[in-house]
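Trainee: Could you give me a close look at how strands pair up here, and then at what lies around them? I would like one connected tour, please.

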Amino acid sequence: MGELIRLEGIVKSFDDTVVLKGIDLSVEENEFVTLLGPSGCGKTTTLRIIGGFVRPDEGRVFFDGKDITDMPANQRPVNTVFQNYALFPHMNVGENIAFSMRVKNKPEAYIKDKIKYALKLVNLDGFESRRIDQLSGGQQQRIAMARAIVNEPRVLLLDEPLGALDLKLRQEMQYELVRLKKELGITFLYITHDQEEALTMSDKVVVMNEGYIQQEGSPEEIYDEPVNAFVADFIGDSNILSGLMVDEKLVRINDIDYPCIDGSEQGFPPRTPVDVVIRPEDIEIKPYGKGLFNGTIISKLFIGVHYEMLVQSEDGEIEWLLQNYDQHDVGEKIGMYVRPENIQIMQKPKSEAESAIELDI
Amino acid sequence: MKKVLGRIYILIIMLFLYLPILTLIVLSFNEAKSMSVWTGFSLKWYEELFRSKIMMGAIVNTFSIAVLAALIATVVGTLAVIGMSAMKQRQVNVLMGFNNIPMLNADIVTGIALMLFFLMVGMPRGYITILFSHVTFCIPYVILSVKPRMNKNTDRLFEAALDLGASERYAFRRIVLPELRPGIMSGFLLSFTMSVDDFIITYFTRGAGINTISTLIYSQVKVGIRPSLFALSTLVFAAALIVLLTVNLRQSRADKALAA
């Protein structure tokens with residue numbers, strides 16, 4: 001496995017808005033990489049630059065070691081599954097899938113076999129002569145996949161392909177995509193604003209915001225060790241608090257000292273102001289006075305698997321978000337405890353731009 | 001009671017709309033030249049129509065100008081829409097403003113303006129100037145009917161075609177053009193009807209020796225109208241009716257085929 005796609009210092013602005021402010025990205029062969037971020041973070045533009053539909057103002061795009069920045073879209077060895085599928089409405093399913101092969105003047109017998117193979121792969125056997133407007137959203141999505149993969153691209157670019165589907169179908173298609181990727185053995189570069197999609201499918205998640213890459217890593221790394229408050233907030237629910245390192249591996253939040261596992265070695269010497277992330281499922285409920293800190297439950301919601309509670313600290317300064325399998329009543333006074341390894345210490349950002357630049361180094 | 005009143009209401013409307021045309025058709029088969037007395041069935045006015053070089057000439061002029069003007073306007077208008085798709089929204093808005101003004105402008109102003117223009121550049125007025133004028137007033141309608149087909153979705157389909165390896169030319173021919181086709185067709189038909197219908201602009205831009213159906217009828221009114229003109233009008237109406245019926249019939253057949 002080697003590096004397949006590399007972006008170097010990509011900058012792009014539309015009119016007066018700078019959309020990408022220096023993107024460096026590397027995608028390995030056969031990886032499932034997800035670009036994750038809120039709308040307007042530049043993820044779609046990044047994908048369109050790789051697809052060849054947008055020219056970067058600065059920076060280069062490499063494919064398999066070759067500079068393809070100036071290569072037109074129709075010669076790039078990548079194919080795209082577009083957000084709204086972009087199926088050709090005046091052609092039937094078979095003709096849609098055959099399009100790229102007809103462009104290349106492949107023999108009809110080959111095309112016929114390939115259509116059959118692609119339809120089987122996406123579980124739509126026998127759909128050759130259906131019209132596009134006779135298909136459901138999920139089926140259109142599968143046809144868009146089939147159309148993109150018959151071209152045998154080395155990378156499939158997917159631009160929020162599940163965005164238009166309902167929840168149940170979306171979850172089903174997540175499994176489908178992972179299966180497809182395994183069967184095809186090609187690289188997927190996937191775009192979404194849905195953190196669940198990103199965490200469940202990817203080998204690597206790249207979190208983007210405001211034209212910068214905020215963090216990249218495995219789903220576990222991104223979830224367990226967010227590098228800043230944005231990532232922590234965007235990925236899952238979390239308590240993000242302002243704290244101060246008071247000693248080696250000891251952080252003070254709202255006048256209470258919490259043992260943690262970060263100190264000078266990790267770049268957080270005593271007297272450093274820091275951001276602290278504590279995931280709501282990592283707060284354990286103890287009898288009142290038996291934990292590290294106390295609080296009063298002020299609201300409770302049942303969310304299927306667990307209860308979600310808001311707990312107000314005794315001085316009223318902090319509202320903690322808790323998730324717990326056990327039921328507790330509103331008004332109940334409880335003690336709470338967090339294991340040192342579940343306290344994530346992060347650098348406090350000086351400003352958005354500064355923090356992002358630091359990440360680039 | 002309500003139902004009966006409703007029926008009567010519709011009947012009255014139908015009479016208002018179609019009784020004049022019906023009168024025209026009946027009179028075209030009248031033996032006498034009279035417009036008020038029925039003396040017997042005859043096809044002699046149709047005979048006169050087909051023998052008259054002036055009338056046949058007007059028919060040929062009308063339809064050849066309509067077909068040519070519609071063709072040229074459709075090509076120019078479609079190209080304009082394609083060009084606009086690459087422009088910024090603000091520029092497009094300005095252009096569309098200019099595009100809409102000629103449609104709102106009174107025909108008589110357009111007609112006189114074109115006449116003055118042809119006089120100024122010293123262009124001899126005749127078939128060519130009529131054709132030129134018709135192309136001019138048809139283009140905005142083509143743009144207006146093709147433009148909605150050229151949208152974000154068309155851009156995306158074009159990109160998808162490129163993504164699948166098609167050259168720009170191939171993508172345009174196989175993907176964009178079929179997307180625009182309904183707009184192009186309706187633009188063409190609209191232009192054709194507008195051209196056939198036009199009297200005022202044609203009247204001002206034609207030369208002395210040339211007539212279309214509308215200008216011919218107008219000039220004949222002054223010397224006393226002949227029933228052969230009724231015959232001509234009847235034929236034009238019949239042609240329009242037949243076209244309309246076939247189109248509707250085809251549509252309903254297509255719908256049925258789709259439903260099946």
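Mentor: Gladly! Two strands pair if DSSP finds at least two bridges between them; the strands (E, at least two residues) and helices (H or I, at least four) are DSSP runs, numbered from the N terminus. What you see is a predicted model, in which local features need pLDDT of at least 70 and side-chain atom pairs count only at pLDDT 80 or more, while totals for chains, interfaces and linings use all residues. Residues are numbered from 1 along each chain as its sequence is written, with chains lettered from A and ligands numbered from 1 in the order in which they are written.

Now look at the open sheet of five strands in chain A, whose order is β13-β12-β11-β14-β20 with antiparallel pairing. Its edge strands are β13 (256-259) and β20 (344-347) of chain A, each of which pairs on one side only.

For contrast, turn to β6 (78-81) of chain A. This strand and β7(A) run parallel, and four bridges join them. Here A:Asn79 has A:Leu156 of β7(A) as its bridge partner. Both faces of β6(A) are covered, with A:Val78 and A:Thr80 buried on one side and A:Asn79 and A:Val81 buried on the other. (Buried means that 20 or more other C-beta atoms, placed from the backbone, lie within 10 Å of the residue's own; 12 or fewer make it exposed, and anything in between partly exposed.)

Another place worth a visit is A:Tyr337, in strand β19(A), residues 333-338. A:Tyr337 counts as partly exposed because 15 other C-beta atoms lie within 10 Å. Leaving aside neighbours within four places in sequence, A:Tyr337 is in contact (C-beta atoms, placed from the backbone, within 7 Å) with A:Glu284, A:Lys286, A:Gly291 and A:Leu292.

Now step back to the whole chain. Chain A has nine helices and 20 strands, and 39% of its 361 residues count as buried. Its C-alpha trace spans about 75 × 45 × 40 Å along the principal axes. Among contacts between residues at least 6 apart in sequence, 66% join residues at least 24 apart.

Finally, follow β6(A) out to the neighbouring chain. In all, 16 residues of chain A are in contact with 13 residues of chain B. On the side of chain A that touches chain B, the elements giving two or more residues are β6 and α2 (93-103) of chain A. Of the elements there, α2(A) gives the most, with three residues.

Methods
Two residues are in contact if their C-beta atoms, placed from the backbone, lie within 7 Å.
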